[in-house]
Amino acid sequence: MATGKNPLFDTATTLGKVLLFLGVSAICGVLVAGLLVPAAAISGSAASGSIKFFETLPAELQVDPPSQSTTVLASDGSVIANLYAENRTRVSLDQMSPHIKDAVIAIEDSRFYEHGGVDTTGIMRALVSTARGNRQGASTITQQYVNNVINSSLEAEGKGDQVLLNGVNKGVGDKLREMKLAIALEKKFTKEQILEGYLNIVFFNRDAYGIEAASKFFFSTTAKDLTLPQAALLAGVVNSPSFYDPIANPENAKNRRDLVLSSMLSTGKIQQADYDAAVATPVETKVTPARQGCAYSTTAPYFCDYVLHLLLNDPAYGADADEREKKVFRGGLTIKTTLDPNAQAAAQAQVDGSAGANPDKWGAALVSVQPGTGKITNMAQNTVWFPAEGKFDSQLNFSVDQYDADGNDLNGLGGAQPGSTMKPFTFAQWLNEGKSMNTVVNGAVRRYPLNFRWRNSCGITTGAYNTAEKGLGAADDLQNAEENYYRSMSVLEGLYNSINTVTFASAAQLDFCGIQKTVDAVGLHGGLPERDSSGKITAPNPKINMFSTGNLLGSTQTSPLTMASSFATFANDGKYCEPIAITEVTDQTGAQLPAQATNCRDALKPEVARGVNFALQEVLNRGSGSLIQPRISTRTSFPIAAKTGTSNNNGSTWVVGHTSGLATASWFGDALGSQQRAGQNVTINGKFYRGVDGYMIAGPQFSNFMSAVAPAYGTNPFPAPPSNLVTGPAPIVRPTTPATRESTPTEKPEPSPSPSDKEK
């Protein structure tokens, strides 16, 4: 700490402190109370009382790191979004321009290096000025720092109504406490530490706290690169951020800036030539808006929002919601995520093009995960966060569930009916029971009466398809999309051509208990919660009830992220990995905080997963997805498996599939919340559709995205299944080109009813 130059009044000396205790504290009390009370009003008893009060005040100030911005990063380190309650980025003093240090000292506290926390010379000068009718402040930078630290702590504790402003709501006691804390602070910290703390905490603008944020906001630069005119202007703003705002009040800002420059000249911080050039410089800002929150992310707002909800729902970040919000929005965290910007950009381009101008607000989503890690590489949808002319705006995330497993909100749509993308799981149980995929079943059976004897070793299977029993609770006879498929065929052919009657014929030979276990093992669950009669959530992520036969064809709403993760199990040789979005979190000190880690489990036998992969490749080779097979070029394809799906009313359409290195769910449909709007006789993106099917819009989304992105993640051949699961002649692969125009569908609307819906 520098030695004071005025020992009579300097609080760094014993004599100065005695004088402060004997008289100045009382004067300051009156001064701060309004600088309007005549000095003659101060009695000896008042001074004595002030001294006693001063002695009882705390002399320690807890200087916690001020609120700092949290940064959400993609996997390559690029910024997705900034989150903050106060937009602040702390920088060290050596990362600040010398101009800003000199400017602030010159205008706010020219004797900063001479006093011991309280400038009694300045106080006496202010008193005299007040007596002459001119109001003048006397707070040192150290006192201002104390005030800012106290207020910052109050804001962080949610006590913003208790914040004290200079000359507005401070009493005598408040000012005395500030003075004593300033004196104590000078004993604990060096002048450089105090100046650094002050410049990092001081308020410039509601979107700029601290000199680094202010430099970026007002001039799109850094604190280190501030020019003399810029530094002088920002030093002037501190006195009254609204009045001297260079955007709203440029004339006021210039007058204040020039005063700062004059002070710098008179204190020898700049030369006359520097002053002349600086005052001749016009006030020109180059604003970089401080856009707080995931909504302003230009790359992945919905993925960012998902990450934010994961953190705010995590007890590791605080015992309650308030603590977690404080940690995330004030803790200066750096959150490293799994997002691949290249994959995200490719996904966004596809969903944005799917519905075109989209006046009817059809939704589209593309989400992908890595088999073996569960890392989410992209999460895109065709909406904007804020209302905008000609845009479909929504704050709901189309890719995720409404709630997490603990019942915490995820801000998700809750999914949609998956249709025939559920069929591979019945097929998986077929293989799990040791049956060959080339076994022929009777696809001509369309009636399953109420008394049909389904096999179920752990429950009762419900659901009936028999027109004659409709009045008793059965649905219409089971239907396929095309008439010529009511015949005997292999289970394999039934899957790759998406034949409803074959799925039921195979299920009739299976244990429904096994189908349920298969579905549960690969992480499939409902995206909407179950509630009791009072509306209370009883199951945030309910099981998909495979004992209800309607779910063989996908009647329960499921999210795209859930579907992508379940299909990734096939690519990962039967191991299911929970989806993760956060790989690393560090606080402002560099300490590691809890993040997500890969969590995988055995779900299917490897030979079963390989058998499903074998069959799902045929979907694209010669089945319901033959028009959308992804390719690296017009002649070159790569090993890829997928399944198409369409809900009963064509309002929800899918393609879900995977390579060895990437699993993707592509969805297109009704996202307005009712989930009841039919995708029939509609015009989308300039095309008329009698019925929107999985391969028509969701299909090209999937195909184009996987063609562009999947090769970077690996497209190794899938391991072959054991021969006992593939008997008979191997299917013939007939390469086709991806669909680029409307074609005769190989898959018509597939039934996936809710329990009360009719099968087609």
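The model is predicted, so local features need pLDDT of at least 70 and side-chain atom pairs count only at pLDDT 80 or more, while totals for chains, interfaces and linings use all residues. Residues are numbered from 1 along each chain as its sequence is written, and side-chain values use heavy atoms, with hydrogens and water left out. A disulfide joins Cys-458 to Cys-513, where a disulfide is a pair of cysteine sulfur atoms within 2.5 Å.

**Overall pattern**

- The count of disulfides comes to three.
- With bonded cysteines counted along the chain, the disulfides of the protein chain follow the pattern 1-2, 3-4, 5-6.

**Cys-458 and Cys-513**

- The S to S distance of this pair is 2.0 Å.
- The link of Cys-458 and Cys-513 is right-handed, with 115° about the S-S bond.
- Because Cys-458 lies in the loop between β8 (440-442) and β9 (488-490) and Cys-513 in helix α18 (residues 512-521), the pair ties together parts that are 55 residues apart in sequence. Helices (H or I, at least four residues) and strands (E, at least two) are DSSP runs, numbered from the N terminus.

**Cys-294 and Cys-304**

- The sulfur atoms of Cys-294 and Cys-304 are 2.0 Å apart, and the two residues form a disulfide.
- This disulfide is left-handed because the torsion about the S-S bond of Cys-294 and Cys-304 is about -60°.
- Cys-294 is located in the loop between α11 (272-279) and α12 (301-312) and Cys-304 in helix α12, so the pair ties together parts that are ten residues apart in sequence.
- Cys-294 is buried, at a relative accessible area of 5%, and Cys-304 is buried at 1% relative accessibility.

**Cys-577 and Cys-600**

- Cys-577 is joined to Cys-600 by a disulfide with an S to S distance of 2.0 Å.
- The torsion about the S-S bond of Cys-577 and Cys-600 is about 100°, and the disulfide is therefore right-handed.
- The pair links distant parts of the chain, 23 residues apart: Cys-577 belongs to strand β12 (residues 575-577) and Cys-600 to strand β15 (residues 600-602).
- Cys-577 counts as buried at 6% relative accessibility, whereas Cys-600 counts as partly exposed at 31%.

Key: Buried means under 20% relative accessible area, exposed over 50%, partly exposed in between (1.4 Å probe, protein chains only).
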